[in-house]
Amino acid sequence: MKKINPNINRDKKAIEIRGLQKAFDDFEVLKGVDLDLYQGENLVVLGRSGTGKSVLIKIISGLLKADSGIVNVLGKDVCCLTSKEMDALRLKIGFSFQNSALYDSMTVKENLEFPLVRHAKHMTQKERDDLIDVILDAVGLAQTIDQMPSELSGGQRKRIGIARTLILRPEIMLYDEPTAGLDPITCIDINNLINEVQRRFNTSSIIITHDLTCARAVGDRLVMLLDGQFQRDGTFEEVFNSEDKRVKAFYNYNFTD
Amino acid sequence: MNQSNNNNLNEPQKRKYVLSRRLDRAFLELYNIYAFVARFFKEVFLPPYEFKEIIKQCYEVGVRSLPLVSVTAFIIGIVFTNQSRPSLADFGATALLPALISVAIIRAIGPLVTAIITSGRVGSSIGAEIGSMRVTEQIDAMEVSATNPFKFLVVSRVLATTFMIPALTMYTTLLALLGGYLNVHQNEQTTLITFFSQVFEAITFLDIVASSVKSVLFGFTIGMVGCYKGYNSSKGTEGVGKAANTSVVTAMFLIFVEELLVMQVINAVRGI
Ligand SMILES: Nc1ncnc2c1ncn2[C@@H]1O[C@H](COP(=O)(O)OP(=O)(O)OP(=O)(O)O)[C@@H](O)[C@H]1O
Ligand SMILES: [Mg+2]
């Protein structure tokens with residue numbers, strides 16, 4: 001069970017969302033989502049498959065456009081940014097994709113270099129190489145540096161994906177199912193990594209998951225996405241101390257067989 | 001998800017179609033193609049330039065196509081010459097063979113064959129590669145890391161095909177002529193010098209210009225179609241296969257249409 005991070009700054013919101021709606025053709029995915037992410041906080045978003053969790057963070061990072069509602073990230077309204085402003089904002093957001101999304105025509109090193117070459121132009125090649133070594137060490141995969149993504153296991157790909165987003169020291173991290181499909185021990189590694197990132201860089205993070213062990217290990221606060229809205233909000237106990245059948249089902253699915 | 005879908009069945013249709021669902025889609029697709037091409041012309045001039053990627057793609061399109069293109073061009077030169085001989089021989093006009101080969105290969109066969117072969121090799125691989133990057137969210141990953149994926153992927157590839165296919169065309173034309181020469185030399189004992197002086201007598205500057213314009217157009221088409229299909233490929237592995245496949249089919253179709261159009265224009269210029 002995680003101890004809530006004492007460094008959360010409740011006066012400062014990294015992300016503020018009000019009345020967010022999103023539909024694909026006639027299919028309403030998000031029906032008025034409100035969310036606050038405080039500076040330095042790990043927020044876990046729970047929800048069944050297809051409830052729109054990935055859509056939510058894609059809207060936050062500007063990959064998808066909201067139909068209506070306000071999405072304010074680090075004080076900027078993402079709906080109305082020019083592409084230059086959007087890029088500047090995106091450098092402060094790290095997005096770890098559900099399927100890792102490593103560039104599969106490049107080696108691990110080139111994957112990590114990709115954002116550096118373009119956005120840390122002041123760095124020398126030596127500094128870049130050193131930084132890559134440090135980050136790879138942090139995710140425990142120094143030996144994979146010259147491998148191609150196709151030669152890595154799913155868990156390794158996930159960690160490289162997280163390393164690639166961490167390399168520019170983002171202020172906000174968005175993790176899309178960081179532990180899905182991994183063995184329990186690798187899960188613990190990734191949970192520790194997420195907490196470590198929060199502690200060391202004071203990042204604010206949204207962690208999407210349906211793995212309650214992970215949710216309990218990394219979340220300072222949990223919200224649950226049900227029917228296109230956030231219905232439960234609070235610590236792990238507060239969220240699951242509910243008579244709502246859907247919440248109970250979610251809990252039982254994880255902790256009984 | 002299922003639950004919400006069922007709920008939606010009872011709701012009134014939100015989206016209204018102007019003509020019909022199909023026609024609207026078709027016009028939307030046309031607009032998307034226009035927007036895609038327009039975006040290319042906008043971004044190709046704006047910095048930052050991805051030189052490294054452009055060079056890499058030029059190598060991929062140009063150098064890696066050489067073996068296939070060489071063999072094909074050479075064989076076509078030989079076969080075309082060999083098959084044309086009897087009809088000229090009927091009139092005792094085999095001396096005109098170099099001129100015939102020259103006109104046929106430089107005006108039509110060279111550019112067309114190069115384009116068709118590269119659209120099969122390069123077009124499909126561009127479609128598949130970008131398609132799989134779309135499907136596995138690599139394009140999204142690029143975008144959220146504040147790198148313009150359009151510039152990195154599309155602009156570099158379209159530039160590469162637009163530059164390299166004319167270069168390949170020149171090369172294949174030469175090789176096809178050489179194949180033709182070998183066959184002529186074997187049968188009519190024409191020397192290399194005589195052969196090529198007859199070849200160049202038969203064509204005009206306009207022919208060279210027309211062929212160059214055509215091959216630039218073909219190169220642009222191959223790159224653009226592959227990128228468009230890949231960039232807009234639908235989700236799933238099926239989408240990748242479809243992107244690769246339709247890239248080739250569409251590019252080939254467009255190449256023939258362009259061939260026809262350019263021919264008309266050139267004939268008008270010639271005053272025929
Ligand atoms: N680009 C898109 N076009 C059309 N529909 C989409 C698109 N992206 C998502 N959807 C739909 O939105 C719904 C929510 O998708 P989303 O990927 O957010 O689910 P999720 O909560 O992340 O699920 P999972 O836990 O399985 O990843 C799905 O029903 C999906 O079909
Ligand atoms: Mg998802």
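**Two chains, questions and answers**

Me: How many aromatic pairs does the structure hold over all chains?
Reply: Rings of Phe, Tyr and Trp (its six-membered ring) pair if their centres lie within 6.5 Å. This is a predicted model, where local features need pLDDT of at least 70, side-chain atom pairs count only at pLDDT 80 or more, and totals for chains, interfaces and linings use all residues; side-chain values use heavy atoms, with hydrogens and water left out. Residues are numbered from 1 along each chain as its sequence is written, while chains are lettered from A and ligands numbered from 1 in the order in which they are written. Over all chains, the number of aromatic pairs is 15.

Me: Which kind of aromatic pair do B:Phe150 and B:Tyr231 form?
Reply: Planes under 30 degrees apart count as stacked, over 60 as edge-to-face and the rest as tilted. B:Phe150 lies in helix α7 (149-188) of chain B and B:Tyr231 in helix α9 (205-231) of chain B, so the pair ties together parts 81 residues apart in sequence; helices (H or I, at least four residues) and strands (E, at least two) are DSSP runs, numbered from the N terminus. The ring centres are 5.8 Å apart, with 80 degrees between the planes, which makes this pair edge-to-face.

Me: How many residues does domain 2 of chain B give to its contact with domain 1 of chain B?
Reply: Chain B divides into domain 1 (1-43) and domain 2 (50-271), with bounds from an automatic or database domain assignment. Their C-alpha centres are 34 Å apart. Contact means heavy atoms within 4.5 Å. Domain 1 of chain B gives nine residues, and domain 2 of chain B gives 14.

Me: Which three residues supply 68% of the area that domain 1 of chain B buries against domain 2 of chain B?
Reply: Buried area is the accessible area (1.4 Å probe) that two parts lose on being put together, summed over both. For these two domains of chain B it is about 1,000 Å², with 74% on carbon and sulfur atoms. On the side of domain 1, the three residues are B:Phe36, B:Phe40 and B:Glu43.

Me: How many salt bridges are there between chain A and chain B?
Reply: A salt bridge is a side-chain nitrogen of Lys or Arg within 4 Å of a carboxyl oxygen of Asp or Glu. Side chains of opposite charge can pair when their charged atoms come close. B:Glu50 and A:Arg118 make one such bridge, at 2.8 Å from N to O. The count between chain A and chain B is three.

Me: How much area is buried between chain A and chain B?
Reply: The contact takes 25 residues from chain A and 23 from chain B. Carbon and sulfur atoms give 49% of the buried area, whose total is about 2,300 Å².

Me: How far apart in sequence are the parts that A:Asp36 and A:Lys13 tie together?
Reply: Their side chains meet in a salt bridge at 3.5 Å, N to O. A:Asp36 lies in strand β2 of chain A and A:Lys13 in strand β1 (9-24) of chain A, so the parts they tie together are apart by 23 residues.

Me: Which residue is joined to B:Pro48 by a cis peptide bond?
Reply: Most peptide bonds are trans. B:Pro48 lies in the loop between α2 (21-43) and α3 (51-61) of chain B. With omega about 0 degrees, its cis partner is B:Pro47.
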